[in-house]
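Please read the following report alongside the sequence and the structure shown below.

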Amino acid sequence: MSTPSFTTFLTVLRKELRDFARDRRTFLMALLMAPLMYPLMMLGMGKLIEAKMSTQLEKPLEIPIVGAMHAPNLVAWLATQDIRAKPAPKDLVAAIRNQDEDVALVIAPNFGEEWRAGRPAKVEIVADTTRSNAAVPIERLRAALNGYSRQAGALRLVARGINPSLVQSVAVTQRDVATPEAKQGRLISIVLPLILVIFAFMGGANLTMDVTAGERERQSLEPLLVTPVSRGVLVSGKMAAAGLIGVASVILTLLSFKLSAALSTSAMASSLDVSFPAIARMLLVLAPMVLIGTALLTFIAAGAKSMKEAQSHMVWLMLMPMVPSYALMAYPLKDQDLWQYAVPFLAQNQMLVKATRGENASAEQWAVYLVCALGLALVLWLAAIWRYRQEKLAISA
């Protein structure tokens with residue numbers, strides 16, 4: 001870029017930033033909304049999850065038991081595991097479907113007969129597995145029943161003079177090689193990348209739409225286009241202003257992530273890697289996404305005749321970063337394949353997941369990601385310049 005073009009670029013950049021900063025409320029909302037929302041979302045979510053888990057795991061669990069008189073010893077055993085019986089409602093299935101009860105236990109009428117005959121005595125867990133609130137109570141009840149079954153079976157063998165270990169032909173153990181950061185950050189590794197990618201992708205949306213569709217609606221774009229300024233320099237200046245706002249918002253968001261994780265007392269947040277090298281890696285991942293979002297929004301908003309028309313695209317644009325996250329929930333991918341790091345949004349998700357798990361991406365993964373992400377940003381930048389060179393852009397609504 002020549003010296004006159006660079007001077008013009010800086011002039012456009014300063015002009016757009018100065019105009020945008022005049023509207024203090026919009027400027028602060030664009031710059032500070034993401035940094036303020038993140039601690040509220042993540043810390044609040046962590047507190048709610050910990051409160052729910054402590055409530056369901058530590059407090060006594062009261063469940064309806066149908067046929068408790070048929071297995072008094074079993075009911076007494078469950079009470080030692082903090083699972084207490086209470087009267088069952090008349091319509092047990094309806095109560096569970098209406099979420100009046102999370103889980104219930106039905107003991108077969110012939111439980112005693114089967115027990116005394118040495119045959120498996122039947123009990124039935126009644127629950128709605130599609131309810132997330134029922135997951136922990138179901139597992140608590142199932143674990144207690146399995147423990148009772150193992151203990152009773154071992155006592156039966158001992159009474160017959162048989163070593164209970166003889167029925168266990170294979171001793172199965174499990175060694176978990178996951179790092180502490182990966183264990184504690186399983187939920188955050190799903191939610192955090194999605195939030196950060198959305199904030200980065202839409203970080204400069206307000207300024208981008210204002211300097212394109214907004215100027216066209218205010219009929220201030222046509223005088224700007226008739227000036228002897230290269231359209232490429234003009235677009236670059238506008239995009240640089242929006243990109244600076246987006247990058248500044250991402251930096252503040254990452255700093256709020258570091259601060260909230262450092263101040264949080266929850267194990268989930270305190271186990272995350274919030275060192276400055278980790279924050280720098282996240283910023284390197286998100287910076288190309290800011291460029292991609294700014295260039296794409298510039299291309300789209302430049303074709304809109306009003307702010308209302310430009311804002312109508314926000315719905316599907318907000319959905320774009322969500323698609324890979326939902327796809328990964330249904331079909332998880334291993335991170336050995338390099339092609340993932342060339343796919344927009346999926347690449348950012350995978351790179352951020354590595355950062356939240358305390359892992360380092362390889363040099364090949366970084367190279368593929370940066371080349372493809374910056375290449376896509378370049379293509380969209382050229383497309384925005386092409387859109388600005390169209391004469392119909394100067395026609396106001």
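## A salt bridge between a strand and a loop

Lys86 counts as partly exposed, because its relative accessibility is 25%. In this predicted model, the side chain of Lys86 meets that of Glu101 in a salt bridge, with a distance of 3.0 Å from N to O. Since Lys86 belongs to strand β2 (residues 83-86), while Glu101 sits in the loop between α4 (92-97) and β3 (103-107), the pair ties together parts that are 15 residues apart in sequence. Glu101, at 13% relative accessibility, counts as buried, as the cut-off for that class is under 20%.

## The other salt bridges

The structure holds 3 salt bridges, and another of them joins the side chains of Arg119 and Glu114, at 2.7 Å from N to O. Here Arg119 is partly exposed, with a relative accessible area of 44%, whereas Glu114, with a relative accessible area of 17%, is buried.

A further salt bridge links Asp128 with Arg131, and in this pair the closest N and O atoms are 3.5 Å apart. Asp128 counts as buried at 19% relative accessibility, a value that falls under the 20% cut-off for buried residues, while Arg131 is partly exposed, with a relative accessible area of 32%.

## A nonpolar patch on the surface

On the surface, a nonpolar patch is formed by Leu28, Leu32, Leu36, Ile251, Leu252, Leu255 and Phe276, which together have about 610 Å² of accessible area. Two helices, α2 (24-58) and α11 (231-263), each supply at least two residues of this patch.

Leu36, one of the patch residues, lies in helix α2. Its relative accessible area is 56%, and Leu36 is therefore exposed, given that the exposed class begins over 50%.

## The protein as a whole

The secondary structure of the protein comes to 18 helices and 4 strands. Among the contacts in the protein with a separation of 6 or more, 74% are accounted for by residues 24 or more positions apart.

Of the 397 residues in the protein, 42% are buried. The protein exposes about 21700 Å², and carbon and sulfur atoms supply 62% of that area.

Definitions and conventions
Residues are numbered from 1 along each chain as its sequence is written. This is a predicted model: local features need pLDDT of at least 70, side-chain atom pairs count only at pLDDT 80 or more; totals for chains, interfaces and linings use all residues. Side-chain values use heavy atoms; hydrogens and water are left out. Patches are made of residues with over 30% relative accessible area and no salt bridge: like charges are joined within 9 Å, nonpolar side chains (Val, Leu, Ile, Met, Phe, Trp, Tyr) within 5 Å. Accessible areas come from the Shrake-Rupley method with a 1.4 Å probe; for residues, only the protein chains shown count as cover. A salt bridge is a side-chain nitrogen of Lys or Arg within 4 Å of a carboxyl oxygen of Asp or Glu. Buried means under 20% relative accessible area, exposed over 50%, partly exposed in between (1.4 Å probe, protein chains only). Contact means heavy atoms within 4.5 Å.
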